[in-house]
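Keep the structure open beside you as you read.

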Amino acid sequence: MLNYLLKRLALVVPTILAVLVLTFFLLRLSGSPVDEILGERGGTPEQRERLAHELGVDRPLASQFVSYFARLAHGDLGVIAGSGRSVGREIARRLPNTIILAVGAMVLATIIGVASGIISARRRNSATDLVIRFFTFALISTPVFWFGVVLILVFSCLLGWLPAAASGGMSASAFLLPMITLGLRPAAFIARVTRSAVLDELSQNYVVTARAKGLSEWAVMMRHVLRNIAVPLVTIIGGDLGNLLGGAMITETIFSVNGVGRFAVDAVLYRWYDAVMAVTLLWAAIFVIVNLAIDLSYALADPRVRFEEGK
């Protein structure tokens, strides 16, 4: 496992650098932040030249490239164009909100998804199974923003039980609706994977043997079946968690959560070059680390997994 880990770690830096280089050039092709700050026809030519010089976008592309990566090597993520605020501090301020939202949503999704999948598999082709399968299909097929709008209308506007926006504080009630919104689709995916995997395992000989020994259905499910479906569950749960930690842009925008996802939306809209690059760096690091953690967790979830040389 150690050799495998070292090989994967050796690929982390080149992978992240490749993503940053690609993002750098795509950003420059998308337009200038001067147009977003002053407007395409706003300001005098002198003002536009002065602002371009302050933002460093008046220099040749190669010079901008070298300058950015030189600053990055020293830990400087840059500033937000037009305001001078530190990008690093802004992300550090918003990241805890995204972590709370992502982890809470995945805990909720895992509990609902695994429980629903097991029930659906144990009652195959029953009315309960058909209802669960219908709802999982509906949840997977429905856009995330629709969940958010419906939950706000029902629980905030009609019932008044929960706040519609989380920007006012860090209370659990403020984050409950965005957590539910963010966790519904992953819960549906987890339920479908769990149902399929459980049905496959229930037809195996070891399940018949366990039942013949007098084990209860609960013991068979918890001691044997769930252990053998751990690998596919770890894959989908870990992948979804990585996606959510990267920043749930739509959900954070709908519920006014001051997270990384909402910050990324603003950065793209206003062409904050340094901010977009910093968010891209964060997301790339999260995806690489999460995928590495998923691979390593296979051996813990299933002792039969071995990391062989060259694989």
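H8 crosses H11 in a right-handed way, where a crossing is left-handed if the near helix is turned anticlockwise from the far one by less than a right angle, and right-handed if clockwise. You are looking at a predicted model, in which local features need pLDDT of at least 70, side-chain atom pairs count only at pLDDT 80 or more, and totals for chains, interfaces and linings use all residues. Residues are numbered from 1 along each chain as its sequence is written, and side-chain values use heavy atoms, with hydrogens and water left out.

To find the pair, look for H8 at residues 172–202 and H11 at residues 230–245. (Helices are DSSP runs of H or I with at least four residues, numbered from the N terminus.) Their axes come within 10 Å and cross at roughly 165°; axes are lines fitted to C-alpha atoms, for helices over the stretch in contact, and angles run from 0 to 180 degrees between N-to-C directions. That angle makes H8 roughly antiparallel to H11, because angles over 145 degrees count as roughly antiparallel, under 35 as roughly parallel, 65 to 115 as roughly perpendicular and the rest as oblique. On the H8 side, the contact (heavy atoms within 4.5 Å) includes Leu182, Pro186 and Phe189, while Leu233, Ile237 and Asp240 are among the residues that H11 brings.

Now follow H8 itself. A kink of about 35° lies at glycine 183, shortly before proline 186; the bend at a residue is the angle between axes fitted to the seven residues ending there and the seven starting there.

H8 has another partner in H6, residues 127–141. These two pack at an angle of about 135°, with their axes 8 Å apart, and are therefore oblique to each other. Their crossing is left-handed. Arg133 and Phe137 of H6 take part in the contact, as do Arg185 and Phe189 of H8. The contact residues divide into 7 nonpolar, 1 polar and 5 charged, with Ala, Val, Leu, Ile, Met, Phe, Trp, Tyr, Cys and Pro counted as nonpolar, Asp, Glu, Lys and Arg as charged, and the others, Gly among them, as polar.

Finally, return to H11, which also packs with H5, residues 87–122. Here the angle is about 155° and the axes are 9 Å apart, which makes H5 roughly antiparallel to H11. The crossing is right-handed. Among the contact residues are Ala102 and Met106 of H5 and Leu241 of H11.
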